[in-house]
Structure formats: C-alpha cells, structure tokens
Amino acid sequence: MDVRGDEFRAAGLLEAQIEQLLMMQYNAQTQTYGSNFPDAVHSIIEFQGAPVGRLLTDRTDQATRLVDISILSNVRGNGIGSYCLESLKSECEKISLHVFSQNMSAIRLYQKHGFKFTREDDTYLEMEWTR
C-alpha cells in the first residue's frame, strides 16, 4: 500500500527509486513491528467496499498501543481516521501511540480525538488517550 509515495515524488525521485524505497521501508517496518509487537493485530481499513488502509494494534491488560494507522492519501479527509480512532476508543480504557513530530495532520487528528502529549524526542511524539 502506497501511503508515502507522494512524499518521495515531491522530492523528485524516479518511480524505480520510489518503489525501492517503499519496499525497503515496508520491510524494515514489518521487521521492527514484528519484533516489538509480536502479538499485534493487523486489520484492513475499508471505505466504500475497497481496502484503503491498515490498522495495527497491540493490546495488553494495561493499555492498547496504536502501533500504526495508514490511510491512502486519495481517501484522506473522509473521516476514515476519525472513525477508526472512535471505534478503538469505544473498546479501550487507554490508548498510546507515537507519531512522527513533523506529521502535523496526524497530530491534529489525534488531538481532535483527545490524545495528549506524554513524551517527545527529536523525531517522535508520544501521545495518550485515557477514558
């Protein structure tokens, strides 16, 4: 699923380079998530009957970790992310996540749904929602 290709295209990369970068990114992400969250549940997000994203959650007795949510750029802005977050919140007492500090649209979405900053470093922000 190509949710980052537009960012690479804006940098002026060739399609072959973009495909290589996307595959490398996907493989690294899959390995990292598998190591750090071996029990995580992978879900496909659908919109109007078509797959448009994925949701990766890791649930424990203490909290749910929103490991990843990815939505295709051509369907963003239709309330899909909000729907996914509200559905997750209805099932959980506490949700934590980390988000790239430059991903302002995601940060705004999480803040809109009541997530608060709990920690930050040079690259990522930790956010949390509690019922």
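User: Leaving aside its neighbours within four places in sequence, which residues is F115 in contact with?

Analyst: This is a predicted model. Neighbours within four places in sequence are set aside here. The contacts of F115 are then L85, I95, L97, Y110, M127, E128 and W129.

User: How many residues does the largest nonpolar core have?

Analyst: F115 is among the residues with the most contacts inside this core. I45, L66, I69, V99 and Y110 are listed with F115. The size of the core is 22 residues.

User: Which element gives the largest share of this core?

Analyst: Several elements each supply at least two residues of the core, including strand 2 (50–59), strand 3 (64–71), strand 4 (94–100) and helix 4 (104–112). The largest share is 4 residues, and it comes from helix 3.

User: How many residues does the other core have, the one apart from it?

Analyst: F37, A40, L56 and V67 are among its members. This core lies apart from the largest one. Its size is 5 residues.

User: Is C84 buried or exposed?

Analyst: C84 is found in helix 3, residues 80–91. Beyond its neighbours within four places in sequence, C84 is in contact with I45 and I69. Its relative accessibility is 10%, and the cut-off for buried is under 20%. C84 therefore counts as buried.

User: How far apart in space are C84 and L125, C-alpha to C-alpha?

Analyst: In sequence, C84 and L125 are 41 residues apart. In space, their C-alpha to C-alpha distance is 20 Å.

User: Which residues of helix 2 are buried, and what arc do they cover around the axis?

Analyst: The buried residues are I18, L22 and Y33. They sit on the same side of helix 2, because the arc they cover around the axis is only 35°.

User: Which exposed residues does the face of helix 2 turned away from its buried side carry?

Analyst: Buried residues of helix 2 include I18 and Y33. The face turned away from that buried side carries exposed residues. These are A16, Q20, M24, Q31 and S35.

User: Which side chain does the side chain of E126 make a polar contact with?

Analyst: E126 is found in strand 6. At 17% relative accessibility, E126 counts as buried. Beyond its sequence neighbours within four places, E126 is in contact with residues including L97, H98, K116 and F117. The polar contact, at 3.1 Å, is with the side chain of R65.

User: How many residues of strand 2 are buried?

Analyst: Strand 2 has 10 residues. The strand is mostly covered. The number buried is 7.

User: In strand 3, what is the bridge partner of R59?

Analyst: Strand 2 and strand 3 pair in the antiparallel sense over 7 bridges. They form a hairpin with 4 residues between them. The partner of R59 is T64.

Terms used:
Residues are numbered from 1 along each chain as its sequence is written. This is a predicted model: local features need pLDDT of at least 70, side-chain atom pairs count only at pLDDT 80 or more; totals for chains, interfaces and linings use all residues. Side-chain values use heavy atoms; hydrogens and water are left out. Buried means under 20% relative accessible area, exposed over 50%, partly exposed in between (1.4 Å probe, protein chains only). Contact means heavy atoms within 4.5 Å. A nonpolar core is a set of buried Ala, Val, Leu, Ile, Met, Phe, Trp, Tyr and Cys residues joined through side-chain atoms within 4.5 Å. The arc is that of the directions from the helix axis to the C-beta atoms. A polar contact is a pair of N or O atoms within 3.5 Å; within protein, one must be able to donate a hydrogen and the other to accept it, and residues adjacent in sequence count only if both atoms are side-chain atoms. Two strands pair if DSSP finds at least two bridges between them.
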